[in-house]
Amino acid sequence: MAIFNGTDLILKVSPSSGGTAVKLMHSQSVSIDMSVDMIDISNKDSDGYKDILPGQMSYSLSADGLMDFAGVAGDTEVDELYNQMFQVVGGVGRTAVTFAFGFDTPATGEYSYSGSGFISSLSITGGTEDAPTYSVAIEGNGALIQTVA
């Protein structure tokens, strides 16, 4: 397994207009977290030790980057994330997004993750004499799919 530059790892999210997921604009950091809830089945026969069973699986993604109110052609912009979270033209927000997490163009044998979810948080920050930034969190909904190129 080769070590690679983290810059090559990206998060693609579907734009509010629909269609194929494209990379988030000006992203600086991306992450995916996967977990399995543990069910405590300890009882009087457990000899003082905890017994568990795996329960529901879940995942979430997050990203942060540099804010650009003018947008970037071809990238998913912050206003599109806002639309999917709050206010879609002709309807209400809270619409699911599709995503892909991995290399932009994976080589043979490299894997990526894809699925759908809902934007659970979106923030824009601007500090004194600092570049404005955004951060977004997505809670997974349904299955997380691992694909090998």
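**Note on a predicted strand model**

1. Ile41 counts as partly exposed, because its relative accessibility is 35%. The model is predicted, so this value, like those below, is computed from it. Ile41 is found in the loop between strand 3 and strand 4. Beyond its neighbours within four places in sequence, Ile41 is in contact with Asp51, Ile52 and Leu53. For Leu53 the separation is 12 residues in sequence and 6.9 Å in space, C-alpha to C-alpha.

2. The loop that holds Ile41 also holds Asp47, between strand 3 and strand 4 (52-66). Asp47 has a positive phi of about 55°, although it is not a glycine. Is Asp47 buried or exposed? Asp47 counts as exposed, because its relative accessibility is 67%; the cut-off for exposed is over 50%.

3. His26 also deserves a look at the backbone. Its phi is positive, about 45°, and His26 is not a glycine. His26 is found in the loop between strand 2 (22-23) and strand 3 (27-40). At 34% relative accessibility, His26 counts as partly exposed.

4. Next, the nonpolar surface. Val36, Met38, Ile52 and Met57 make a nonpolar surface patch of about 420 Å². Strand 3 and strand 4 are the elements that give two or more residues to this patch. Ile52, one of the patch residues, is also among the contacts of Ile41.

5. Where is Val36 placed? Val36 is in strand 3. Its relative accessible area is 37%, so Val36 is partly exposed. Buried would require under 20%. In a regular strand, side chains alternate between the two faces of the sheet.

6. Strand 1 (residues 9-13) is another matter. Four of its five residues are buried, so strand 1 is largely enclosed by the rest of the structure.

7. Which strands pair with strand 1? Strand 5 (residues 97-103) runs antiparallel to strand 1, and five bridges join the two. In this pairing, Ile10 stands opposite Gly102 of strand 5. Strand 2 also pairs with strand 1 in the antiparallel sense, over two bridges. Here Lys12 stands opposite Lys23 of strand 2.

8. For a check by eye, begin with the two positive phi values, at His26 and at Asp47. Then turn to the patch of Val36, Met38, Ile52 and Met57. End with strand 1, where four of the five residues are buried, and its antiparallel bridges to strand 5 and strand 2.

How values were computed. Residues are numbered from 1 along each chain as its sequence is written. This is a predicted model: local features need pLDDT of at least 70, side-chain atom pairs count only at pLDDT 80 or more; totals for chains, interfaces and linings use all residues. Side-chain values use heavy atoms; hydrogens and water are left out. Buried means under 20% relative accessible area, exposed over 50%, partly exposed in between (1.4 Å probe, protein chains only). Contact means heavy atoms within 4.5 Å. Patches are made of residues with over 30% relative accessible area and no salt bridge: like charges are joined within 9 Å, nonpolar side chains (Val, Leu, Ile, Met, Phe, Trp, Tyr) within 5 Å. Accessible areas come from the Shrake-Rupley method with a 1.4 Å probe; for residues, only the protein chains shown count as cover. A salt bridge is a side-chain nitrogen of Lys or Arg within 4 Å of a carboxyl oxygen of Asp or Glu. Two strands pair if DSSP finds at least two bridges between them.
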